[in-house]
Amino acid sequence: MNHDLVRTVDPPSRTRRRLVAAVLAATLVATLTGLAAGPAQGADPLLSQGRPVTASSTQSAAFPASAAVDGDPGTRWSSAAADPQWLSVDLGAAATVSQVVLTWEAAYATAYQVQASADGATWTTLRAVTGGDGGVDTLTVAGTGRYVRVLTTARGTAYGVSLWEFQVYGTSTATGCDTTGNAALGRPATASSTENAALPASAAVDGNPGTRWSSAAADPQWLRVDLGADRAVCRVDLTWEAAYATAYQIQLSADGAAWTTVYATTTGAGGTQRLTVTGSGRYLRVLGTARATAYGYSLWEVAVRTTGATPTTPTPTTPPPSGGDVLLSYGKPAVASSYQDDGACWQCSPARAFDQDPASRWATSATTGWVDPGWIYVDLGATATVHRVVLQWDAAYATAYQLQTSTDATTWTTIYRTTSNPGFRQDLTVSGTGRYVRMYGTARSNGYGYSLWEFQVYGTGGAPTAPPARPADPTFPATTLVFADEFDGPAGARPDAAKWTVDPGTGQNNESQYYTDNANAAMNGAGQLVMEARRENAGGRAYTSHRMNTGTKFQVQYGRIESRIKVPKGNGLWPAFWMMGGDFLTGRPWPYNGEIDIMEILGRDTYRSYTTLHAPAYNGGGGYGQEHVWPVDLSADFHVYAVEWDSRGMRFLVDGTQVFYASKDTVETTRGPWVFDHPFYLILNLAVGGDWPGPPDASTPFPARMLVDYVRVYR
């Protein structure tokens, strides 16, 4: 979409605030009776959060086992209404367990055991509880095991048992191979080639067995994944498509340059191969040297199994240049053969390629510059040794070009050349010396000229100007709450004007509604905001609805952004939870500011949710995103829609289930510039009609209501 949407999925329909109050009261009771042993021990880390978890049963898909270890106090696991029940978490390796904290929902257990196991089959009881009364049970335990389980034998109500959170604290005591975790999942991936844009490198590490990477039909080829930090690798699982390798190597590297082979074969048989290896490195590469077919190499999935704990602080996606190299070209004077400045490319001057702004570009003049050759150079301010050049091409790119250096901008030395540039981002290792660095294009990709979003030069020397610092990446799960609206006001109260700006007027996309000045949104007194679409005349439209944003009140760059929402059902309804780049408010037009659609749902089919990114090179119907089909009707209950966003990409989730991962590296190498490394603001709206959802009809229920339980942002 390109301006409004929403999404959510989560726990029970009753008010979350009342449940929190009940939990707090139960905590007090437990403390007074001696059941709770105090707060989690600061000396031992939390081992269970985000780990694989299984259960004896679940009440429904809305209350999965994973919700008890996701760190979100508003999501929960709930079992079937029978005894016994159990919930088991895999810590990934043997651990000494010192404490278990159980945060019960109103459906608690009166009798249960905390157990540990080395293999998930034979269990040792660490603590047995009878007379439990719910609330929060903080239990001191002593034992070892890779698996920790809570086994309930008697329920406190006629319902099942339900846990908001199941937390296991302790210390790792083993270095066994974690065969369930996948260090490569969702990590940045690159390849020597791709068959086409539909089969990118990222598809081999997305956890989706129905997507794949496929290379060009030539030897050798490789697929590389950045694990984010140095990891001890104990096993690599390869799931080959029919186009497999008969000869290949598994290699590891600390820097992405020098590689150590930890596995090699010349008799690969394809299919699924689980390879035991020993080695460590930040980068892992599958290097194919002989194909089994006339086609290229193709992998459905690459899974990397490791020993030891997952690093808590991820390192940057792109390795810093070696030898003290820095960005030399930022903000430096630039000269080009020509440049464009008209309605199609306003002020596309040479300096735009060196401003570290991925949404601005240099382009050759439409009147004099759509010819060969075309060139652009930067003055580094002093003589420099150049080791790396990054070019982010627009659709008007050079198929043939040279990179050149010069001491005087007159005599040039070529340090790189190609006649088969595929466009998008090129990250080139070079070696040269000079004060000036030039891209000299000799063959255009189409009938237009040459155009670069970014031209970055790295090395030593020169007279570099440091670009503005970006905020540090959050560590997920992010826990520092930086913005929240719980919508706890009395019935009839309007949205908090200190947090939200109401946005009246007509919508985009040929929508049918008129957004009123706060007449279509109010608290319901039960802890939710009700956004209502009505069949009534206003502003020349036959429908009214509500739209609001945090634009001048709150903006964020990186973190977890989430909202718990119940969407309406009906033809023509279009709820959305989304974000716009803050520079939209200061004059940068869409889509150059960037748009992040966390959730869009069409009322005509509420079994599907949509997540989309919009930028200059991919927007509107060509946006970069994912449709997800669900086995449940999303309009039947609340759901939590979230994005976890850092400098490497965005992970989109519904009720804790990943529905899409947008890798910055993948986008830049297959779609175009990544324009999302700056502050964004939040938007909630309920649209009626438009190009995508189509018009409402006689079956559409009015008034239609979108309920928002909360909006939260964590860093």
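This is a predicted model: local features need pLDDT of at least 70, side-chain atom pairs count only at pLDDT 80 or more; totals for chains, interfaces and linings use all residues.
Local features are reported only at pLDDT of at least 70 and side-chain atom pairs only at pLDDT 80 or more, while totals for chains, interfaces and linings use all residues. Numbering starts from 1 along each chain as its sequence is written, and side-chain values rest on heavy atoms, with hydrogens and water left out.

Arg 560 sits in strand 32, residues 559-566 (strands are DSSP runs of E, at least two residues, numbered from the N terminus). Arg 560 is buried, at a relative accessible area of 13% (buried means under 20%, with a 1.4 Å probe and protein chains only). Its side chain makes a polar contact with that of Glu 644, at 3.0 Å; such a contact is a pair of N or O atoms within 3.5 Å, where one must be able to donate a hydrogen and the other to accept it, and residues adjacent in sequence count only if both atoms are side-chain atoms. Leaving aside residues up to four places away in sequence, Arg 560 also touches others, including Asp 72, Phe 476 and Tyr 714 (heavy atoms within 4.5 Å).

As for the cores, the largest nonpolar one holds 54 residues, and Ile 561, Trp 645 and Phe 676 are among those with the most contacts inside it. A second, separate core of 28 residues includes Val 114 and Leu 163. A core here is a set of buried Ala, Val, Leu, Ile, Met, Phe, Trp, Tyr and Cys residues joined through side-chain atoms within 4.5 Å.

Seven strands make up an open antiparallel sheet, ordered 25-31-40-33-34-35-36 (two strands pair if DSSP finds at least two bridges between them). Strands 25 (501-502) and 36 (624-629) are at the edges with a single partner strand each, so one side of each has no neighbour in the sheet. Strands 34 (595-600) and 35 (608-614) pair over four bridges, and Asp 597 stands opposite Thr 612 in strand 35.

Note on methods: Buried means under 20% relative accessible area, exposed over 50%, partly exposed in between (1.4 Å probe, protein chains only).
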